[in-house]
Amino acid sequence: KACDVAGLEPGLQRGIQGFEHLAVALVGGCKACRPEGAQALRAVAKRPSLRYNRKMIFVAGGIVWNPHKGVVVVNQNNDSWSLPKGHVESGEDTLAAAIREIHEETGINPSDLTLTKEVGSYVRSQIKWRPGDEPRERTITLYLFTTTATDLAPIDPENPEARWVTPEEVAALLTHPKDGAFFTDFLQNLI
């Protein structure tokens, strides 16, 4: 059974239709139609479209929380640790990109993710992978998701490992200091 978006405002309808793979019938309605999902989608629908900028890279991802397992972190290129995230593709909004990247980097099925809220955005430099890489800034937008999924099986070969860690371990494990600082601020605001 498909999700019924007819009763929602037009911006929210577009947000839901932008990631139809989540709009599956679940007990109590699809995840986007639940009050907390609809509230987060309203915030996303108000955001202006991302425009291409050669010097700025737009990235989206998530803090994925399983109350029994912890927070998922991923190993990128076998030499750095991060929250699951990646580039926003042309025509894609940040929420759809976050869900896609979480799936690719952890193997968690999008239907097993429940959107809680948009956590926020920050800007940081890109980690240089190769000599000669041009320094570029990244605007990173993160969302908070909960999941009951426990098995992690990354699909993306550039992100060969994903693991559950306690919230207290996350910041120290993240390679980029700004990623760790953002996560620490997120945790402090929960308490």
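Me: Which residues in α3 are buried?
Reply: This is a predicted model, and a residue counts as buried in it when its relative accessible area is under 20%. Applied to α3, that cut-off selects Thr94, Leu95, Ala96, Ala97, Ala98, Ile99, Arg100, Glu101, Ile102, Glu105 and Thr106.

Me: Why is α3 described as largely enclosed by the rest of the structure?
Reply: Helix α3 covers residues 94-106 and reaches 18 Å from its first C-alpha to its last, close to the 18 Å expected at 1.5 Å a residue. The helix is largely enclosed because, of its 13 residues, the number that are buried is 11.

Me: Which residue just after α3 takes a positive phi, and what is found at the start of the helix?
Reply: At the start of α3, a side-chain oxygen of Asp93 comes to within 3.2 Å of the backbone nitrogen of Leu95. Just after α3, a positive phi of about 85 degrees is taken by Gly107.

Me: Which element gives the largest share of the largest nonpolar core?
Reply: The largest nonpolar core has 18 residues, of which Val64, Leu95, Ile108, Leu113, Tyr143 and Phe145 touch the most other members. Two or more residues come from each of β1, β2, α3, β5, β6 and β7. The largest share, five residues, is given by α3.

Me: Is the pair of Tyr122 and Phe182 stacked or edge-to-face?
Reply: The structure holds three aromatic pairs. In the pair of Tyr122 and Phe182, the ring centres are 4.4 Å apart and the planes stand at 25 degrees; since planes under 30 degrees apart count as stacked, this pair is stacked. The pair links distant parts of the chain, with Tyr122 in strand β5 and Phe182 in helix α5, 60 residues apart, and both residues are buried. The arrangement of the two rings is therefore stacked.

Me: What kind of aromatic pair do Phe183 and Phe186 form?
Reply: Phe183 and Phe186 both lie in helix α5, three residues apart, about one turn of the helix. Phe183 counts as buried at 1% relative accessibility, and Phe186 is buried too, with a relative accessible area of 9%. Their rings are 5.7 Å apart centre to centre with 50 degrees between the planes, and the pair is tilted.

Me: Which residue is joined to Arg124 by a polar contact of 2.7 Å between side chains?
Reply: Arg124 lies in strand β5 and counts as buried at 3% relative accessibility. Leaving aside residues up to four places away in sequence, Arg124 touches Lys85, Arg136, Glu137, Arg138, Ile140, His176, Lys178 and Asp179. The side-chain polar contact of 2.7 Å joins Arg124 to Asp179.

Me: Which residue has a side chain joined to that of Ser82 by a polar contact of 2.3 Å?
Reply: Ser82 is found in strand β3 and, at 1% relative accessibility, counts as buried. Not counting residues up to four places away in sequence, Ser82 touches Val73, Val74, Gln76, Leu174 and Asp179. The side-chain polar contact of 2.3 Å joins Ser82 to Lys85.

Me: Is Asn78 buried or exposed?
Reply: Asn77, in the loop between β2 and β3, has a positive phi near 55 degrees and is partly exposed, with a relative accessible area of 32%. Asn78 lies in the loop between β2 and β3 and has a positive phi of about 60 degrees although it is not a glycine. With a relative accessible area of 60%, Asn78 is exposed.

How values were computed: Residues are numbered from 1 along each chain as its sequence is written. This is a predicted model: local features need pLDDT of at least 70, side-chain atom pairs count only at pLDDT 80 or more; totals for chains, interfaces and linings use all residues. Side-chain values use heavy atoms; hydrogens and water are left out. Helices (H or I, at least four residues) and strands (E, at least two) are DSSP runs, numbered from the N terminus. The expected span of a helix is 1.5 Å times one less than its number of residues. Buried means under 20% relative accessible area, exposed over 50%, partly exposed in between (1.4 Å probe, protein chains only). A polar contact is a pair of N or O atoms within 3.5 Å; within protein, one must be able to donate a hydrogen and the other to accept it, and residues adjacent in sequence count only if both atoms are side-chain atoms. Contact means heavy atoms within 4.5 Å. A nonpolar core is a set of buried Ala, Val, Leu, Ile, Met, Phe, Trp, Tyr and Cys residues joined through side-chain atoms within 4.5 Å. Rings of Phe, Tyr and Trp (its six-membered ring) pair if their centres lie within 6.5 Å; planes under 30 degrees apart count as stacked, over 60 as edge-to-face and the rest as tilted.
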